[in-house]
Amino acid sequence: MRRLGLRTVALGYLLVLLLAPVGVIFWRTFEHGVGPVWSAITAPDAMHAFWLSLTLVAVAVPLNTLFGIAAAIAIVRHRFPGRWLLSGLIDVPFAISPVVIGLALVLVYGHGGWLGDWLAGHGIRIIFSTPGMVLATAFVSLPFVARETVPVLRELGTDPEQAAATLGASPAQTFWRITLPAIRWAVIYGVVLTTARALGEFGAVSVVSGKVAGQTETLPLFVQDQFENYNTAGAYAAALVLATLAILTLVAMNLLARLRRGRSATDATPTRATSTRAVTA
Amino acid sequence: MAIEVHDVHKRFGDFAALSDICLRVEPGSLGAVLGPSGSGKSTLLRVIAGLEQPDSGRVLIGGRDVTREPPQRRGVGFVFQHYAAFKHMTVRDNVAFALRIRRRAKPEVLARVDELLALVRLEGLADRYPGQLSGGQRQRMALARALAAEPQVLLLDEPFGALDARVRAELREWLRRLHDEVHVTTLFVTHDQQEAMEISEQVVVMNEGGVEQVGTPRELYEHPRTEFVMSFVGEVNRVGERFVRPHEVQLLPQSDAGSREGFIDRVLHLGFEVRVGLTLDDGDQVWSQTTRERADELELEVGQIVPVRLGGGRVFA
């Protein structure tokens with residue numbers, strides 16, 4: 001009985017908080033059929049927002065993946081002064097409100113900012129254009145890969161890497177053949193989380209973008225803009241696209257988790273070794 | 001190939017892990033480094049492998065000074081206590097690693113791997129992952145992996161330390177025979193004196209970062225140079241300033257000129273051997289080691305007082 005009660009509470013909470021609002025979006029979107037939705041999604045400003053969001057993800061996620069792996073290795077494997085500082089700084093984007101991050105970027109790169117005027121003098125525009133939005137997106141989604149990778153790298157220990165060295169592998173060979181395969185699931189998790197965060201970011205991007213429709217509007221900004229201008233059809237359609245992308249990301253993450261569980265199960269049962277190999281290949 | 005270590009020092013902060021180490025391991029021999037934990041034995045092995053840099057001193061392998069060479073170019077095989085298996089690779093890929101790094105031809109790699117797997121008796125398990133092997137099998141895989149590139153020297157760091165007693169005993173015997181087949185200069189580290197004495201012809205005893213004594217198991221047991229070696233290699237009784245081996249504590253049928261009296265506290269029957277715990281007349285407690293026949297002859301029982309002669313024994317300055 002108690003377990004049943006607990007389940008009801010958990011599911012009820014999810015229903016009220018998550019499923020109902022998302023469900024309503026789907027329902028309201030298709031209220032008048034597929035036609036209006038299609039035209040709303042394919043409107044030039046909506047398409048532009050969609051591509052701009054994907055562009056931000058395409059730049060910020062690889063950057064943060066490379067940085068995250070490098071930072072994790074530095075934190076776990078190297079001894080240098082300021083190591084604890086690096087480890088602490090990585091968490092800063094979690095701690096600071098995205099709006100503050102956006103303002104900080106404006107103060108540095110904007111008009112009258114530390115670097116802004118110098119850059120403007122060289123014809124480089126950061127704030128109110130794509131580079132600034134990339135910076136904001138990269139900033140808010142920075143911690144995930146490093147945070148996922150650090151504990152796995154620590155647990156791996158240095159033995160396998162040292163073993164590879166005594167077997168003749170150069171540091172680069174050791175990284176590609178030993179370290180990276182060992183941390184790959186952590187990195188993949190980190191990438192999925194980074195993508196989800198980058199895709200949904202509103203606050204920081206909103207501050208640095210200037211919110212010019214068809215130019216500096218990402219999908220979340222577009223949704224907000226449409227909503228405020230009473231264009232509910234457009235807002236719902238764009239929200240639907242955003243929700244779909246987010247759900248796809250989560251599904252990908254769940255599939256990966258399942259693959260991984262399948263793999264660790266085969267670690268214990270010899271008969272399924274071949275399927276394990278298919279996964280690793 | 002001989003291993004030579006000259007005047008090696010190594011500190012970790014304030015802790016002197018190795019001080020003034022000099023050592024020579026003969027080509028083709030099977031040597032042991034024996035010492036308690038913290039004695040520097042693993043650090044010494046890692047310095048030879050190039051996994052640690054000494055603060056000063058030199059390491060030579062086969063006459064070549066490798067002190068500044070990275071581990072990749074020292075031609076060593078290294079076996080870790082906790083296997084250091086590449087968990088994402090099959091047993092075959094683990095063993096093939098060194099050969100693939102060296103870009104050997106595929107048929108050659110496969111043939112060599114099969115040969116090594118046969119040598120460590122893992123033929124049927126080539127397609128398994130390390131997670132599917134027992135500890136003993138994992139360590140044999142690690143050994144095959146270390147031997148793949150035909151190293152000049154093989155270094156094993158507490159190779160059987162993580163295994164249970166029966167598997168340890170099996171693998172010891174097996175390592176001994178493997179060495180007879182492969183003949184690569186081998187040095188292994190252990191804290192288990194029985195393991196060291198069973199496997200090796202030459203044992204290096206280490207304590208607090210220094211070498212206490214180098215010798216055959218028999219030399220170490222019979223002619224220990226320091227108190228530490230005396231008490232670490234084999235069992236020992238302390239009587240006043242003297243150190244006496246249990247087999248040198250003789251129980252007599254009747255007292256004579258040099259004998260003392262001992263009160264029997266315990267009698268342990270360990271198969272062929274019998275151990276008798278005694279309190280001597282001046283209060284020292286000692287163990288005596290004798291045979292079953294002898295114990296039967298003397299009809300030893302707890303509570304008896306027997307004449308005891310302390311033969312041999314050594315005093316260290």
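Predicted model: local features only at pLDDT ≥ 70, side-chain atom pairs only at ≥ 80, totals over all residues.
Q: OK, chain B. How do strand 4 and strand 5 pair?
A: Strand 4 of chain B and strand 5 of chain B, residues 64–65, run antiparallel and share 2 bridges. In this pairing, Ile61(B) is opposite Arg64(B).

Q: And what do strand 4 and strand 5 of chain B form?
A: They form a hairpin that leaves 2 residues between the strands. Gly62(B) sits in the turn, with a positive phi of about 60°.

Q: Which strand do 5 bridges join to strand 4 of chain B?
A: That is strand 1 of chain B, residues 3–12, which runs antiparallel to strand 4 (residues 56–61). Glu4(B) faces Leu60(B) of strand 4.

Q: What about the open sheet of 3 strands in chain B?
A: Its order is 11-12-18, and the pairing is antiparallel. Strand 11 (237–239) and strand 18 (314–315) of chain B are the edge strands, each pairing on one side only.

Q: How many bridges are there between strand 11 and strand 12 of chain B?
A: There are 3 bridges, with strand 12 covering residues 242–244. Arg238(B) is opposite Phe243(B) of strand 12.

Q: Switching to one residue: where does Thr290(B) lie?
A: Thr290(B) is part of strand 16 of chain B, residues 285–291.

Q: Is Thr290(B) buried or exposed?
A: Thr290(B) counts as buried because its relative accessibility is 15%. Buried means under 20% relative accessible area, exposed over 50%, and partly exposed in between (1.4 Å probe, protein chains only).

Q: What is Thr290(B) in contact with?
A: Neighbours within four places in sequence aside, Thr290(B) touches Phe272(B), Glu273(B), Val274(B) and Ala295(B). Contact means heavy atoms within 4.5 Å.

Q: Now chain A. How many helices and strands?
A: Chain A has 15 helices and 0 strands. Its C-alpha atoms fill a box of roughly 65 × 65 × 35 Å along the principal axes.

Q: How much of chain A is buried?
A: Of the 281 residues in chain A, 39% are buried. Among its contacts between residues at least 6 apart in sequence, 70% join residues at least 24 apart.

Q: Which domains does the assignment give chain A?
A: The assignment, automatic or from a database, gives domain 1 (1–31) and domain 2 (35–280) of chain A. Their centres, over C-alpha atoms, are 28 Å apart.

Q: How many residues of domain 1 of chain A are in contact with domain 2?
A: 5 residues of domain 1 of chain A contact 5 residues of domain 2.

Q: One more residue: where is Pro151(A)?
A: Pro151(A) belongs to helix 9 of chain A, residues 143–156. Pro151(A) counts as partly exposed because its relative accessibility is 44%.

Q: How far apart are Pro151(A) and Ala72(A) in space?
A: From C-alpha to C-alpha, Pro151(A) and Ala72(A) are 8.8 Å apart, with 79 residues' separation in sequence.

How values were computed: Residues numbered from 1 in each chain as written. Chains lettered and ligands numbered in written order. Heavy atoms only, no water. Pairing = 2+ DSSP bridges. Helix = DSSP H or I, 4+ residues; strand = E, 2+ residues; numbered from the N terminus.
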